[in-house]
Amino acid sequence: MATTSVSSPGGEDASSGAGASGVTEPAQSQPQTRTQAQQAARKKKEIWVRMLLWFFLSVVFALLPTGGQYLNGRQTEGFHQPGFWEWVSRAQLYLVSMGLAVAAVGEALMHLWKSNQSFRLILVTITNLLIMLIAAYLAPGADSDKKIEAVVGQQSLVMFITVLVTSGLSTWLCVKEVGVQQ
(Lines give C-alpha, C1' and ligand atoms only; values in the text may rest on other atoms or scores of the structure.)
Protein backbone atom coordinates (compact mmCIF):
# COMPACT_ATOMS: atom_id res chain seq x y z
CA MET A 1 0.00 0.00 0.00
CA ALA A 2 1.46 3.35 -1.03
CA THR A 3 1.67 6.22 1.40
CA THR A 4 1.76 9.87 0.61
CA SER A 5 3.40 12.54 2.59
CA VAL A 6 1.74 15.87 3.16
CA SER A 7 3.74 18.92 4.09
CA SER A 8 2.50 21.11 6.83
CA PRO A 9 2.39 24.88 6.46
CA GLY A 10 5.67 25.12 8.35
CA GLY A 11 7.44 22.94 5.80
CA GLU A 12 7.57 19.87 8.02
CA ASP A 13 6.57 16.52 6.72
CA ALA A 14 3.32 15.46 8.43
CA SER A 15 4.60 11.93 8.72
CA SER A 16 7.46 13.03 10.96
CA GLY A 17 5.18 13.53 13.98
CA ALA A 18 3.83 10.86 16.32
CA GLY A 19 3.13 7.65 14.50
CA ALA A 20 5.79 8.31 11.86
CA SER A 21 7.29 4.89 12.44
CA GLY A 22 4.07 3.31 11.10
CA VAL A 23 3.16 1.92 14.52
CA THR A 24 -0.34 2.73 15.65
CA GLU A 25 -1.06 3.56 19.20
CA PRO A 26 -2.52 0.36 20.68
CA ALA A 27 -2.71 1.74 24.20
CA GLN A 28 -6.33 2.81 23.83
CA SER A 29 -7.66 0.49 21.13
CA GLN A 30 -6.61 -2.85 22.66
CA PRO A 31 -8.20 -2.29 26.09
CA GLN A 32 -11.41 -1.18 24.39
CA THR A 33 -11.56 -4.27 22.16
CA ARG A 34 -10.64 -6.51 25.10
CA THR A 35 -13.39 -4.94 27.19
CA GLN A 36 -15.86 -5.31 24.31
CA ALA A 37 -14.87 -8.96 23.88
CA GLN A 38 -15.31 -9.56 27.60
CA GLN A 39 -18.72 -7.89 27.53
CA ALA A 40 -19.76 -9.97 24.51
CA ALA A 41 -18.65 -13.17 26.25
CA ARG A 42 -20.51 -12.15 29.41
CA LYS A 43 -23.68 -11.43 27.41
CA LYS A 44 -23.47 -14.83 25.69
CA LYS A 45 -23.09 -16.51 29.07
CA GLU A 46 -26.08 -14.57 30.44
CA ILE A 47 -28.18 -15.63 27.44
CA TRP A 48 -27.33 -19.30 27.97
CA VAL A 49 -27.99 -19.07 31.70
CA ARG A 50 -31.39 -17.51 31.04
CA MET A 51 -32.21 -20.23 28.48
CA LEU A 52 -31.24 -22.96 30.94
CA LEU A 53 -33.39 -21.31 33.61
CA TRP A 54 -36.30 -21.20 31.14
CA PHE A 55 -35.83 -24.87 30.32
CA PHE A 56 -35.67 -26.07 33.92
CA LEU A 57 -38.27 -23.73 35.41
CA SER A 58 -40.77 -23.96 32.55
CA VAL A 59 -40.34 -27.27 30.79
CA VAL A 60 -39.01 -29.59 33.47
CA PHE A 61 -41.35 -28.33 36.19
CA ALA A 62 -44.30 -28.59 33.80
CA LEU A 63 -43.49 -32.28 33.27
CA LEU A 64 -42.86 -33.12 36.94
CA PRO A 65 -46.50 -34.07 37.70
CA THR A 66 -46.39 -36.67 34.93
CA GLY A 67 -43.19 -38.17 36.29
CA GLY A 68 -44.59 -38.05 39.82
CA GLN A 69 -47.80 -39.76 38.73
CA TYR A 70 -45.80 -42.54 37.09
CA LEU A 71 -43.54 -43.02 40.13
CA ASN A 72 -46.48 -42.96 42.55
CA GLY A 73 -48.32 -45.48 40.42
CA ARG A 74 -45.38 -47.86 40.60
CA GLN A 75 -45.65 -47.84 44.38
CA THR A 76 -49.26 -48.95 44.42
CA GLU A 77 -50.53 -52.49 44.45
CA GLY A 78 -51.86 -53.79 41.13
CA PHE A 79 -49.91 -51.29 39.03
CA HIS A 80 -49.58 -52.31 35.42
CA GLN A 81 -46.71 -50.91 33.36
CA PRO A 82 -48.27 -48.62 30.72
CA GLY A 83 -47.01 -48.65 27.15
CA PHE A 84 -45.23 -45.60 25.83
CA TRP A 85 -48.23 -44.08 23.99
CA GLU A 86 -50.53 -44.81 26.92
CA TRP A 87 -48.09 -43.08 29.25
CA VAL A 88 -47.75 -40.10 26.89
CA SER A 89 -51.54 -39.87 26.52
CA ARG A 90 -51.84 -39.61 30.31
CA ALA A 91 -49.15 -36.94 30.48
CA GLN A 92 -51.57 -34.09 29.81
CA LEU A 93 -49.16 -32.72 27.21
CA TYR A 94 -51.92 -30.57 25.72
CA LEU A 95 -52.17 -28.67 28.99
CA VAL A 96 -48.40 -28.45 29.31
CA SER A 97 -48.22 -27.17 25.73
CA MET A 98 -50.86 -24.54 26.45
CA GLY A 99 -48.94 -23.42 29.53
CA LEU A 100 -45.66 -23.09 27.64
CA ALA A 101 -47.38 -21.25 24.77
CA VAL A 102 -49.13 -18.83 27.15
CA ALA A 103 -45.88 -18.09 28.97
CA ALA A 104 -44.06 -17.50 25.67
CA VAL A 105 -46.82 -15.25 24.35
CA GLY A 106 -46.87 -13.24 27.57
CA GLU A 107 -43.12 -12.77 27.56
CA ALA A 108 -43.11 -11.82 23.88
CA LEU A 109 -45.94 -9.31 24.29
CA MET A 110 -44.18 -7.66 27.24
CA HIS A 111 -40.99 -7.52 25.20
CA LEU A 112 -42.73 -6.18 22.08
CA TRP A 113 -44.53 -3.57 24.16
CA LYS A 114 -41.33 -1.94 25.38
CA SER A 115 -38.99 -2.48 22.42
CA ASN A 116 -38.89 -2.18 18.69
CA GLN A 117 -41.01 -4.62 16.70
CA SER A 118 -39.14 -7.76 15.69
CA PHE A 119 -40.81 -9.55 12.76
CA ARG A 120 -39.44 -12.94 13.80
CA LEU A 121 -40.75 -12.50 17.34
CA ILE A 122 -44.17 -11.45 16.05
CA LEU A 123 -44.29 -14.49 13.75
CA VAL A 124 -43.29 -16.89 16.55
CA THR A 125 -45.84 -15.28 18.87
CA ILE A 126 -48.62 -15.81 16.33
CA THR A 127 -47.50 -19.44 15.98
CA ASN A 128 -47.63 -19.88 19.77
CA LEU A 129 -51.14 -18.40 19.83
CA LEU A 130 -52.26 -20.88 17.17
CA ILE A 131 -50.72 -23.78 19.09
CA MET A 132 -52.47 -22.59 22.23
CA LEU A 133 -55.84 -22.53 20.46
CA ILE A 134 -55.35 -25.97 18.89
CA ALA A 135 -54.27 -27.43 22.24
CA ALA A 136 -57.32 -25.91 23.93
CA TYR A 137 -59.52 -27.53 21.30
CA LEU A 138 -57.88 -30.98 21.58
CA ALA A 139 -57.35 -31.12 25.37
CA PRO A 140 -60.90 -32.14 26.38
CA GLY A 141 -60.75 -35.19 24.11
CA ALA A 142 -57.63 -36.41 25.89
CA ASP A 143 -59.69 -37.12 29.02
CA SER A 144 -62.45 -38.99 27.25
CA ASP A 145 -63.17 -42.63 28.11
CA LYS A 146 -63.41 -43.38 24.40
CA LYS A 147 -60.05 -41.88 23.45
CA ILE A 148 -57.58 -43.80 21.35
CA GLU A 149 -54.50 -43.61 23.54
CA ALA A 150 -51.98 -43.99 20.73
CA VAL A 151 -53.55 -41.14 18.72
CA VAL A 152 -53.82 -38.84 21.75
CA GLY A 153 -50.25 -39.71 22.71
CA GLN A 154 -48.87 -39.04 19.23
CA GLN A 155 -50.76 -35.80 18.70
CA SER A 156 -49.99 -34.42 22.14
CA LEU A 157 -46.30 -35.34 21.80
CA VAL A 158 -46.05 -33.63 18.40
CA MET A 159 -47.77 -30.55 19.84
CA PHE A 160 -45.46 -30.56 22.88
CA ILE A 161 -42.32 -30.81 20.73
CA THR A 162 -43.61 -28.04 18.45
CA VAL A 163 -44.39 -25.71 21.34
CA LEU A 164 -41.07 -26.57 22.94
CA VAL A 165 -39.32 -25.31 19.80
CA THR A 166 -41.51 -22.23 19.29
CA SER A 167 -41.58 -21.12 22.91
CA GLY A 168 -37.85 -21.75 23.19
CA LEU A 169 -37.28 -19.67 20.07
CA SER A 170 -39.50 -16.92 21.44
CA THR A 171 -37.61 -16.91 24.71
CA TRP A 172 -34.29 -16.94 22.84
CA LEU A 173 -35.31 -13.96 20.70
CA CYS A 174 -36.46 -11.97 23.74
CA VAL A 175 -33.38 -12.77 25.79
CA LYS A 176 -30.99 -12.16 22.92
CA GLU A 177 -32.53 -8.80 22.07
CA VAL A 178 -32.46 -7.72 25.71
CA GLY A 179 -28.78 -8.73 25.85
CA VAL A 180 -28.02 -6.71 22.73
CA GLN A 181 -29.82 -3.66 24.11
CA GLN A 182 -27.83 -3.72 27.35
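Colleague: How many salt bridges does the count come to?

Modeller: First, this is a predicted model, so to read it: local features need pLDDT of at least 70, side-chain atom pairs count only at pLDDT 80 or more, and totals for chains, interfaces and linings use all residues. Residues are numbered from 1 along each chain as its sequence is written, and side-chain values use heavy atoms, with hydrogens and water left out. A salt bridge here is a side-chain nitrogen of Lys or Arg within 4 Å of a carboxyl oxygen of Asp or Glu. By this rule the count is one salt bridge.

Colleague: About how many helical turns separate Arg-42 and Glu-46?

Modeller: The side chains of Arg-42 and Glu-46 form a salt bridge, with 3.3 Å from N to O. Arg-42 is partly exposed at 46% relative accessibility, and Glu-46 is partly exposed at 32% (buried is under 20% relative accessible area, exposed over 50%, partly exposed in between, with a 1.4 Å probe and protein chains only). Because the two residues lie four apart in helix α1 (residues 26–74), their separation is about one helical turn.

Colleague: How many helices and strands does the protein have?

Modeller: Helices (H or I, at least four residues) and strands (E, at least two) are DSSP runs, numbered from the N terminus. From that end, the elements run α-α-α-α-α. The tally is therefore five helices and zero strands.

Colleague: What percentage of the protein's contacts between residues at least 6 apart in sequence join residues at least 24 apart?

Modeller: A contact means heavy atoms within 4.5 Å. Of the contacts between residues at least 6 apart, the share joining residues at least 24 apart is 80%.

Colleague: Is Ser-89 buried or exposed?

Modeller: Ser-89 sits in helix α2 (residues 84–90). Not counting residues up to four places away in sequence, Ser-89 touches Lys-147, Glu-149, Val-152 and Gly-153. Because its relative accessibility is 2%, Ser-89 counts as buried.

Colleague: Which residue's backbone oxygen lies 2.8 Å from a polar atom of the side chain of Ser-89?

Modeller: A polar contact is a pair of N or O atoms within 3.5 Å; within protein, one must be able to donate a hydrogen and the other to accept it, and residues adjacent in sequence count only if both atoms are side-chain atoms. At 2.8 Å from the Ser-89 side chain, the backbone oxygen belongs to Glu-86.

Colleague: Which helix gives the most to the lining of the largest cavity?

Modeller: The lining of the largest cavity includes Val-88, Ser-89, Leu-93 and Val-152. Helices α2, α3 (93–114) and α5 (149–181) each supply at least two lining residues. With three residues, the one giving the most is α3.

Colleague: What distance separates the C-alpha atoms of Leu-157 and Ser-97?

Modeller: Leu-157 lies in helix α5 and is partly exposed at 21% relative accessibility. Its contacts, leaving out residues up to four places away in sequence, are Phe-84, Trp-85, Val-88 and Leu-93. Leu-157 and Ser-97 are 60 residues apart along the chain, and their C-alpha atoms are separated by 9.3 Å.

Colleague: Which residues does Thr-166 touch, not counting those up to four places away in sequence?

Modeller: Thr-166 also belongs to helix α5, and at 12% relative accessibility Thr-166 counts as buried. Beyond those sequence neighbours, Thr-166 touches Val-124, Thr-127, Asn-128 and Ile-131.

Note on methods. On a 1 Å grid over the protein atoms alone, a cavity is a set of points where a 1.4 Å probe fits but cannot get out, and a pocket is an open set with protein on both sides within 12 Å along at least five of seven lines; lining residues have an atom within 4 Å of a point.
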